[in-house]
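Take a look at it, then work through each solution step by step.

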Amino acid sequence: MSIDLSSPDGKGSFSITTVEHDDNLMVIHMEGKVEGYGFVRLTHAYEHISDRSSGTFSGSAEAILDDGNVVSTPHMGTFSRDGAVMLAYGTDSVTNGDLNFIRFKVDLIGKTAEVSFWSLK
């Protein structure tokens, strides 16, 4: 299976509502709209390694779909950081059966994030 990263199956935009720091761990809370998933709230914990330019992340998201149903998913992956911008890549497994490859671009100064996702099913 190959994934064409220039053609995501969906996109979304988030506002960062809170950023917490604890040594090598940064926890970010976000909310926004995602195509096909409605209103989404999520939390990611980014754990830096060595020079703070990369590391791993984990978290979870909950979506209120346009029809009012609720789905959730865990997130897990890796990230790189260049100044105030982080690129995070990972997967999710949504309770409705969706399985996606996800990419987040997080702007820590602008307090925004963009997500793109590709279906793996």
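**Exercise 1.** How many bridges join β7 to strand β8?

Solution. This is a predicted model, where local features need pLDDT of at least 70, side-chain atom pairs count only at pLDDT 80 or more, and totals for chains, interfaces and linings use all residues. Residues are numbered from 1 along each chain as its sequence is written, and side-chain values use heavy atoms, with hydrogens and water left out.
- Start with the terms: strands are DSSP runs (E, at least two residues), numbered from the N terminus, and two of them pair if DSSP finds at least two bridges between them.
- Now find β8 at residues 112-119; eight bridges join β7 to β8, and the two run antiparallel.
- Two partners to look up are N100, opposite S119 in β8, and F104, whose bridge partner in β8 is V115.
- Finish at the hairpin of β7 and β8: four residues lie between the strands, and K111 takes a positive phi near 55°.

**Exercise 2.** Find what joins β6 to β7.

Solution. 
- Strand β6 covers residues 85-93 and β7 covers residues 99-107; nine bridges join these antiparallel strands.
- Along the way, L87 stands opposite K105 in β7.
- Five residues separate β6 and β7 in their hairpin, and G97 in the turn has a positive phi of about 100°.

**Exercise 3.** In what order do the eight strands close into a barrel?

Solution. 
- Follow β1-β2-β3-β4-β5-β6-β7-β8, with antiparallel pairing.
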